[in-house]
Amino acid sequence: MDKTALKYERMRKEMVENQIISRGITDPKVIAAMLKVPRHLFVSDALMDQAYGDFPLPIGEQQTISQPYIVAEMTQALNLNEEDRVLEIGTGSGYQAAVIAEIVYRVYTIERIHSLYIRARAIFDSLQYHNIVTRYSDGTLGWAAESPFDAIIVTAGAPVIPDILISQLAKGGRLVIPVGNQNTQELIRLYRDEKGIHQTNLGGCRFVKLIGEQGWKE
Ligand code: SAM
């Protein structure tokens, strides 16, 4: 490994120890994935040295790559297994999809901003994430042709949980989504079994808007 890669590996290890494990993330699959995915390669060259900081960063188009802790918290809440097929809405930088792709069989990810979709696809290809399928469209409508999904993660803030996403969850499926107004949201975890839908509130969070037919209007 060259000097630069070693430097970022050290920063990644510190991030996982100080921001992820020390704040209570325990799922070994999530910890291993976050130790592995090179977060600095999902941001612009100018921001690489800040990539392992305890904050979100801009990725262009007024969008952000989420803070490492929230990525870990949402991934853990999905309760992932290696044979799972997972839908992500809001590809953004591609980092969250890559973390999930380290754990599961296949990730389907949708982005509504064309330049971000193209950029993320190029990063997935260069890092050889062959199990990530990308799509440029309105994710509030889900991905009917590939449904049902074992887990669905929405990485932008929704006014309400789109019913269509619940309908694309398999039995035993989990959905994690920030829901609230345009400034703050609650992170909701929904679980679907034969008895119905069960919801838990994981606490406050702050995301950019989910814009689309079943989200906020532009
Ligand atoms: N998961 C991303 C990452 O790891 O970098 C962070 C995503 S960023 C906080 C939210 C993303 O959701 C933005 O890229 C935004 O364009 C996208 N988005 C918002 N509404 C969407 C929609 N209806 N369908 C797909 N993507 C959407």
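This is a short tour of the model, stop by stop, with what to select and what you will find there.

The model is predicted, so local features are described only at pLDDT of at least 70 and side-chain atom pairs only at pLDDT 80 or more, while totals for chains, interfaces and linings use all residues. Residues are numbered from 1 along each chain as its sequence is written, and side-chain values use heavy atoms, with hydrogens and water left out.

**Stop 1: the cavity**

Start by selecting Gly90, Thr91, Gly92, Glu111 and Thr155. Of the 30 residues that line the largest cavity, these lie nearest its centre. A cavity here is a set of points, on a 1 Å grid over the protein atoms alone, where a 1.4 Å probe fits but cannot get out; lining residues have an atom within 4 Å of a point. Rolling a probe the size of a water molecule over the atoms shows where empty space is left. The structure holds one cavity of 30 Å³ or more, and the space in the largest cavity comes to about 370 Å³. That volume is the space filled by probe spheres set on the points, with grid points joined across faces, edges and corners.

Now colour β2 (63–65), β3 (85–89), α4 (95–101) and β4 (106–111), each of which supplies at least two residues of the lining. These labels follow DSSP runs numbered from the N terminus, with helices (H or I) of at least four residues and strands (E) of at least two. With three residues, β2 gives the most to the lining. By type, the lining has twelve nonpolar, 13 polar and five charged residues. In that count Ala, Val, Leu, Ile, Met, Phe, Trp, Tyr, Cys and Pro are nonpolar, Asp, Glu, Lys and Arg are charged, and the others, Gly among them, are polar.

**Stop 2: the nonpolar cores**

Next, select Met34, Phe42, Leu80, Tyr95 and Ile100. In the largest nonpolar core, which has 50 residues, these touch the most other members. Such a core is a set of buried Ala, Val, Leu, Ile, Met, Phe, Trp, Tyr and Cys residues joined through side-chain atoms within 4.5 Å. Buried means under 20% relative accessible area, exposed over 50%, and partly exposed in between, using a 1.4 Å probe and protein chains only. Among the elements that give two or more residues to this core are α1 (3–21), α2 (28–36), α3 (68–77) and α5 (114–126).

Zoom in on Tyr95. Beyond its neighbours within four places in sequence, Tyr95 is in contact with Met15, Met34, Val37, Arg39, Phe42, Ile65 and Val71; contact means heavy atoms within 4.5 Å. Another core, of 20 residues, lies apart from the largest one and includes Tyr108, Phe149, Ala158 and Val179.

**Stop 3: His40**

Move to His40, in the loop between α2 and β1. His40 counts as buried because its relative accessible area is 8%. Leaving out residues up to four places away in sequence, His40 touches Tyr8, Arg12, Met48, Ala51 and Tyr52. For a sense of scale, draw a line from His40 to Gly180: they are 140 residues apart in sequence and 30 Å apart in space, C-alpha to C-alpha.

**Stop 4: the β1–β2 hairpin**

Select β1 and β2, which form a hairpin with two residues between them. The two strands run antiparallel and are joined by three bridges; strands pair if DSSP finds at least two bridges between them. In the turn, Glu61 has a positive phi of about 60 degrees. Glu61 is partly exposed, because its relative accessibility is 44%.

Asn79, in the loop between α3 and β3, has a positive phi too, near 50 degrees. Most residues other than glycine have a negative phi, and most peptide bonds are trans.

**Stop 5: strand β6**

Finish at β6 (149–154). Five of its six residues are buried, so β6 is largely enclosed by the rest of the structure. β3 runs parallel to β6, with four bridges joining them, and Glu88 has Ile153 as its bridge partner in β6. β6 also pairs in the parallel sense with β7 (residues 169–180) over four bridges, where Phe149 is partnered with Leu169 in β7.

Last, step back to Pro148, in the loop between β5 (132–136) and β6. The peptide bond from Ser147 to Pro148 is cis, with omega near 0 degrees.

Methods. On a 1 Å grid over the protein atoms alone, a cavity is a set of points where a 1.4 Å probe fits but cannot get out, and a pocket is an open set with protein on both sides within 12 Å along at least five of seven lines; lining residues have an atom within 4 Å of a point.
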